[in-house]
Amino acid sequence: MTIPSPLPSPDPDPQESAEWREAFTALVATQGPERARFILNELARLARNGQLGWQPDLNTPAINTVSAQAQPAFGGDLAIEERLASLMRWNALAMVVRANKAYGELGGHIASYASAADLFEVGFNHFFHAREGLAPGQHRGDLVFFQPHSAPGVYARAFLEGFLTESDLLHFRQEITAPAEGARGLCSYPHPWSMPDFWQFPTGSMGIGPISSIYHARFMHFLTDRGLLDCDGRKGTEGHTAMRRVWGVFGDGEMDEPESTSALTLAAREGLDNLVWVVNCNLQRLDGPVRGNGRIVDELERLFTGSGWNVIKLLWGSDWDGLFARDLTGALVRTLGETVDGQMQTFAAKDGRYNRDHFFNQSPELAALAQGMTDEQIDRLKRGGHDLVKIHAAYAQAAAHRGQPTVILAHTKKGYGMGAAGEGRMTTHSQKKLDDNALIEFRNRFNLPLTDAQATGLEFLKPAPDSAEMQYLQARRQALGGYLPRRESACEPLPVPPLASYAQFALAAGGKEMSTTMAFVRMLGNLLKDAQLGPRVVPIVADEARTFGMANLFKQVGIYSSVGQRYAPEDIGSILSYREARDGQILEEGISEAGALASWTAAATSYSVHGLAMLPFYIYYSMFGFQRVGDAIWAAADQRARGFLLGATSGRTTLGGEGLQHQDGTSHLVASTIPNCKAWDPAFAGEMAVIIDAGMREMLVEQKDVFYYITLMNENYAQPDLPEEAHAGVLRGAYVHAPAAGGAVGAPAVTLLGSGAILTEVLKAAEQLAARGIAASVVSVTSWSELARDGQACEASGATPWLAQVLAATQGPVIAATDYVRTVPESVRAYVPAGRSYRTLGTDGFGRSDTRAALRSFFQVDAEHIAQTARAALDR
């Protein structure tokens, strides 16, 4: 063993240094790596104890983690797999270029897949396991998150596998046009909503895929630890299967997104050895180098190592093995480690002659290593992410590793194989058109069976079904359980208990004072006790359980911890003490709204991902939902999530004292923009109970791809009974809560609409108006967005909108008041009956710190201003 390790500064005693190196080399040779690691750890401990101001460097040399000597047998037919990878590359390129020749505005990406093709192919041929079925003993499939800009390559593989036709490929990014022409339109990036039987995870928004993959991997441990589903192969039962893994292929530039790296320590802390990330380090973002003046691989190695991950560097292809073996002085390793990425990108874009002159001729030692190599051989030196054998070795080591999540840092060239048209060039990300010469050059580079005319005509390639390539392709996937990506939605319906069994206290509240938050927590506790539904309920909080009065659930169901509870909590004697348990049911995610939402998404899509329906309730400060992690909520909608988001302490005036960044006035506005989100703002516990019951039946019994957003208040006020005849109106968005009262026959009349926290102010305003002889009807609006959607549907069908039907039973001008911006009640203006004026009150502007009364007066949504607006409407 040779360890070239030139010291960074002049060595005052070279002879002693050489003796230390020789001693360590001898230790490795005679007693093995394990003993060597022990000694290194001991020396590091001594150095720290001695306070020398030294710690080990988190970077390893610029070589592959898996040495050539440690590589396992490839286990496949290398020649066939290389030919298949070339076919995928060509068909992906042809699909994008043809689409943009026909419609220049469609866009698309070639270069990202060109860099990642081999990373995908090794996974498809050897590691990515598909779902075999849901029966005991059947593998339920790995989870694979695909780098979004590489979607064309995944379509290209599905074409060869027989799941997509040539006509489908011709309709890339033409989802509307395709059906009319008898084809399937292929969406731009992985979108389960658009292709519900194909894509499993939405990754198009950078950073959402990485954090989601971590929480999906953790949720699999949660299912196993709670005895709901064995995802780890831990149980030596008759239904034992191999471990299911989460594989994520992401970009190096994507690692700059905060969400990409925000949960790395959680993955390590939870010991998620079912998680493997492959970071495609092609060194280039959309505009230029990821780190032009630095080295992204080194930076990521430090980040992941420091976060507790197992790091595998996959940097150089097999052609480099001989060079490293002859690098006795360490010149090659040292120079590679000192070359910044901007320069490495230049080397990628230039030919063999340039690389000889500007890399190998930097020193006599490097020049000697390249002696005897032709310029073409230098040009063909592969980076590790383009060598199937090296990729296979890295994946195999990652799959075998236990106790930690693993990241593979794969060095590639962006636009690999595109030559002068885009390999390693600044503009390569946006390259979607190639001229005839570039197409022929690509054909030649990958030895494709195409004539010049076929190449320039962008003909798709698909070998005959009985060809060696196609037989091999199908056999490899059959050995891994079937085909990927594939999204399943079949799961057993989950029975929902009768409404009265868990919410009778809310339906017949009898004027008892409570907040809707407290009512929800009580309902949740009752649902958790149900024998069938209870184990599938997943309460999720982001360090606010005590704020929302959920501390009683700590004892009831416990907080999930993969290691149980290794300490005696400070409040152990309290009936509300903090209790962690390996079979705990609450997911307490700490101060991370992004993490909690990712956790909710994992549970909310379990019906599809695992074939097991779960029911997540994520409760949080409403301001920290759609405004803070709205992109993640949109991705959950894309993934067809089913579950409940509870925006607690909602509204701009109900949360007194907290001020501008805590008071929510817009969440219902944003929620209304998501098609499969049903947003509700109930004022009373009974309304909320009816809404939750309907949601559970939609999601668990009818298995509809919807999720509910419900806002909750922390304000205590009298809760009325909810008559059964009002249930239908609650679910349609509005009902007459209080008919007109207080006016004589022929007296002036008005109609007041209110929702959530402000409905109590509306009721007070009705009393004030009645005292003045004005008859005021009160309509409780439980969902402005559902009223608006109903109205839009009625415009198309010619039916009468539900809001118009409700208002037909009332009289006079209509005044609507909410704790949200006026745009929320303005969304239903078109559905107010003709001839009746409509005025809206809301909380536009920034929030303030003060009492509820002061805030409502300031925003003019208190009873006095509502009544004043009603009188003004009558006067006019």
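What follows is a short tour of the cavities and the residues around them.

## Before we start

This is a predicted model, where local features need pLDDT of at least 70, side-chain atom pairs count only at pLDDT 80 or more, and totals for chains, interfaces and linings use all residues. Residues are numbered from 1 along each chain as its sequence is written, and side-chain values use heavy atoms, with hydrogens and water left out.

## The largest cavity

Searching the whole structure turns up 10 cavities of 30 Å³ or more. A cavity here is a set of points, on a 1 Å grid over the protein atoms alone, where a 1.4 Å probe fits but cannot get out; lining residues have an atom within 4 Å of a point. The largest one holds about 190 Å³ of space (the volume filled by probe spheres set on the points, which are joined across faces, edges and corners).

It has 15 lining residues, and W320, F347, N355, I378 and R383 are the closest to its centre. Helices are DSSP runs (H or I, at least four residues), numbered from the N terminus.

## The second largest cavity

Next comes a cavity of about 120 Å³. Of its 14 lining residues, I208, S212, A598, T601 and A632 sit closest to the centre. At least two lining residues come from each of α7 (208-225), α24 (593-604) and α26 (626-638).

Definitions and conventions. On a 1 Å grid over the protein atoms alone, a cavity is a set of points where a 1.4 Å probe fits but cannot get out, and a pocket is an open set with protein on both sides within 12 Å along at least five of seven lines; lining residues have an atom within 4 Å of a point.
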